[in-house]
Amino acid sequence: MNPTLSRPVSIFTEGSPNPNSMKFVVNFELVPDGLSFDYATAGDALLDGKASPLAVALFGFDFVRRVFISGNFVTVTKDDETDWDEVLLEVKFFLKDYFGEQKPVFSQRTVDTNTTKLDMDSETVQKIKAVLDQYIKPAVESDGGAISFYSFDEPSGTVKVLLQGSCSGCPSSTLTLKSGIENLLTRLVPEVKLVEAEGV
């Protein structure tokens, strides 16, 4: 992108069911469709294949505990001691400057690694992913989190999903998983009997 052209940046914030998480929505895509990146520590943001200078910079704020980047938003999770009223504008202005100066969201290797994925899914897994993409992801993303397919065990009919962003550690995520996601998947994909969250 031509560095002499500055991009107009607008950012608005949305709360999430997790009171420590805030969603910062920008007016352009940060991540290609279907991808999301969750950073539970500053070290995660340095890992090969998911390295993000933006996440590293956000962990520079001493109250930041988690960073999640997906679609056109960044979800920042703070510690329990800090009040959003004290730091919200600071984070918002930081992001506005960061994007305005067109600094990289991800390292080039992260971009290259994640745009060359091969799809070798079974028919059942394709159906599960379609339900997640069409019905479940939009609702979860509107709360500042994300859900992605992790695995499907055919003999037991168990689907494992990854809950990221504000969904990580959110008290209502287990309820959402069982009452919403499991009901929908078992109804639309008969092969599915059970839905579990991986790593929660």
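User: How many residues of strand 2 are buried?
Analyst: This is a predicted model, so to speak for its limits: local features need pLDDT of at least 70, side-chain atom pairs count only at pLDDT 80 or more, and totals for chains, interfaces and linings use all residues. Residues are numbered from 1 along each chain as its sequence is written, and side-chain values use heavy atoms, with hydrogens and water left out. Buried means under 20% relative accessible area, exposed means over 50%, and partly exposed is in between, using a 1.4 Å probe and protein chains only. Strand 2 is mostly covered, and its buried count is six of six.

User: Ser21, Lys23 and Val25 point one way from strand 2, so which residues point the other way?
Analyst: In a regular strand, side chains alternate between the two faces of the sheet. In strand 2, Ser21, Lys23 and Val25 take one side, and these residues are buried, like those across from them. The ones pointing the other way are Met22, Phe24 and Val26.

User: What is the order of the strands in the open sheet?
Analyst: Helices (H or I, at least four residues) and strands (E, at least two) are DSSP runs, numbered from the N terminus. Two strands pair if DSSP finds at least two bridges between them. Here five strands pair in the antiparallel sense, and their order is 1-2-5-4-3.

User: Which residue in strand 2 is the bridge partner of threonine 13?
Analyst: Strand 1 and strand 2 run antiparallel and are joined by five bridges. A hairpin of five residues links the two. Threonine 13 has as its partner in strand 2 phenylalanine 24.

User: In strand 5, which residue is the bridge partner of valine 25?
Analyst: Strand 2 (residues 21-26) and strand 5 (residues 73-78) are also antiparallel, with five bridges. Among the bridges, serine 21 goes with threonine 77 in strand 5. Valine 25 is partnered with phenylalanine 73.

User: At about what angle does helix 2 run to strand 2?
Analyst: Axes are lines fitted to C-alpha atoms, for helices over the stretch in contact, and angles run from 0 to 180 degrees between N-to-C directions. Helix 2 (residues 84-100) lies across strand 1, strand 2 and strand 5. Its angle to strand 2 is about 30°.

User: Is valine 105 buried or exposed, and what is its relative accessible area?
Analyst: Valine 105 is in the loop between helix 2 and helix 3. Contact means heavy atoms within 4.5 Å, and leaving aside neighbours within four places in sequence, valine 105 is in contact with Leu30, Ser52, Pro53, Leu54, Ile69 and Phe99. Valine 105 is buried, with a relative accessible area of 14%.

User: What is the phi of glutamine 102 near?
Analyst: Most residues other than glycine have a negative phi. Glutamine 102 is in the loop between helix 2 and helix 3 (108-114), and it is partly exposed, at 22% relative accessible area. Its phi is positive, near 55°.

User: Where in helix 4 does the kink lie?
Analyst: Helix 4 (residues 123-142) has 20 residues, and its buried ones include Val131 and Leu132. The bend at a residue is the angle between axes fitted to the seven residues ending there and the seven starting there. The kink is about 50° and comes shortly before proline 138, at isoleucine 136.

Definitions and conventions. The expected span of a helix is 1.5 Å times one less than its number of residues.
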